[in-house]
Amino acid sequence: MRAAVLHEIGQDKLEVLDDVEAVGFGPGKVRIRVRATGLCHSDLSAMSGVLPQPAPFVPGHEGAGEILEVGEGVAHLKAGDRVVVCWLPACGACPACKRGQTELCLAGFMNAGTPNFKRPGGDVFGFAGTGTFTEEVVVDAGCAVPMPDDVPFDIAALIGCGVTTGLGAALNTADLEAGSSVAVIGCGGVGISVIQGARLRGAAEIVAVDPIASRRESALKFGATKAVSPDELPDAKQQVTAGEGFDYVFEVVGRSATARTAYDTTRRGGTLVVVGAGAMDDFLQLNMFELFFDEKRILPSMYGGGDVLRSYERTISLWRAGRVDLAGLITHRVPFADVNEALDQMRTGTALRTCIEM
């Protein structure tokens, strides 16, 4: 079967190969025929080494498809079921799950070190224990979440990561209050989803911050009340909040420099939500006096900061009701053979989300 493989960390191109085999099928596992997958910035971060990932590996973790085969002991799925791939499944038994913090379950990460694929030359891993840049993938049954028949594969793929992360940051992690002022730094697919979540919660002012003009224009269409470049953020802070700072600031880039800017842009007593996934050696510096004196809440948001399955269901309900626009997030589509074109679209910022059609 075909799969897009990164041979070594640091390479910027994937090789589409036809000699890859999905492995690991057995009890508790399912085999999925991938029908659509989105490209998330985390895939690029894994390719560059910002996020830890053994190589060679198949990128992709935002996918949807249909079940081809179920292993022994899998009772809730059957061949032909439409599913979205969940890269962070909850085991239901660990301390985090028992506390209701299923997004902190580490069961899914335990799969990241086990090869999902093989080639004549050796083992191949799947990013985040999945790897959806492929025609077929074998995952734990908990990673395959049934989707209703009315949810298209491309929409389901978005729900698998970017939309759940962005909406959840606003609705779950921040628990954003109506009438508040909001700034969102980084307006790709996840940042746009944060904006939609802030709009749903009734934010009075939503300032989108991004260096790319096309993304700023998109942010206005999705609910931002103002869109500025990073250089214009200080003026926006003055105009919108009289210099006090925003009630909520979302950092959706994953860099210490933008996190520091986000902290400085948050009002005293306000909330900074860290959504972007950054590098382990990129440190955010804050002094102990400002932490005490400013009383700003710093809230990291992992995968939307809430129960993933409930978040999926909520997103589908909002999409059906026309309260969130998911189709509009897909600005580009490419066939699987042109996966490197999708990478370029993400790197240049020309795409909010590119759907790779399998």
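The chain comprises 12 helices and 19 strands (DSSP runs numbered from the N terminus, helices being H or I of at least four residues and strands E of at least two). The radius of gyration is 20 Å, close to the 21 Å that the globule rule gives for 358 residues, so the chain is as compact as a globular protein of that length (radius taken over C-alpha atoms; rule: 2.2 Å times the number of residues to the power 0.38). The model is predicted: local features need pLDDT of at least 70 and side-chain atom pairs count only at pLDDT 80 or more, whereas totals for chains, interfaces and linings use all residues. Residues are numbered from 1 along each chain as its sequence is written, and side-chain values use heavy atoms, with hydrogens and water left out.

**View 1. Overall chain.** The C-alpha trace spans about 60 × 40 × 40 Å along its principal axes. Of the 358 residues, 53% are buried (buried: under 20% relative accessible area; exposed: over 50%; partly exposed: in between; 1.4 Å probe, protein chains only). Among contacts with a separation of 6 or more, 69% join residues 24 or more positions apart (contact: heavy atoms within 4.5 Å).

**View 2. Helix α5, residues 162-173**. This helix is mostly covered, with 11 of its 12 residues buried. The buried residues include Gly 162, Val 163, Leu 167, Leu 171 and Thr 173. After α5 comes Asp 175, which has a positive phi near 50 degrees.

**View 3. The stacked pair of Phe 289 and Phe 293**. The structure holds 3 aromatic pairs (rings of Phe, Tyr and Trp, the last by its six-membered ring, with centres within 6.5 Å; planes under 30 degrees apart are stacked, over 60 edge-to-face and the rest tilted). The ring centres of Phe 289 and Phe 293 lie 5.1 Å apart and their planes meet at 15 degrees, so this pair is stacked. Both residues belong to helix α10 (residues 288-294), where a spacing of 4 residues separates them by about one helical turn. Phe 289 is exposed at 54% relative accessibility, while Phe 293 is partly exposed at 40%.

**View 4. Phe 292 in helix α10**. Phe 292 is exposed, with a relative accessible area of 65%. From C-alpha to C-alpha, Phe 292 and Phe 57 are 44 Å apart in space, and they are 235 residues apart in sequence.
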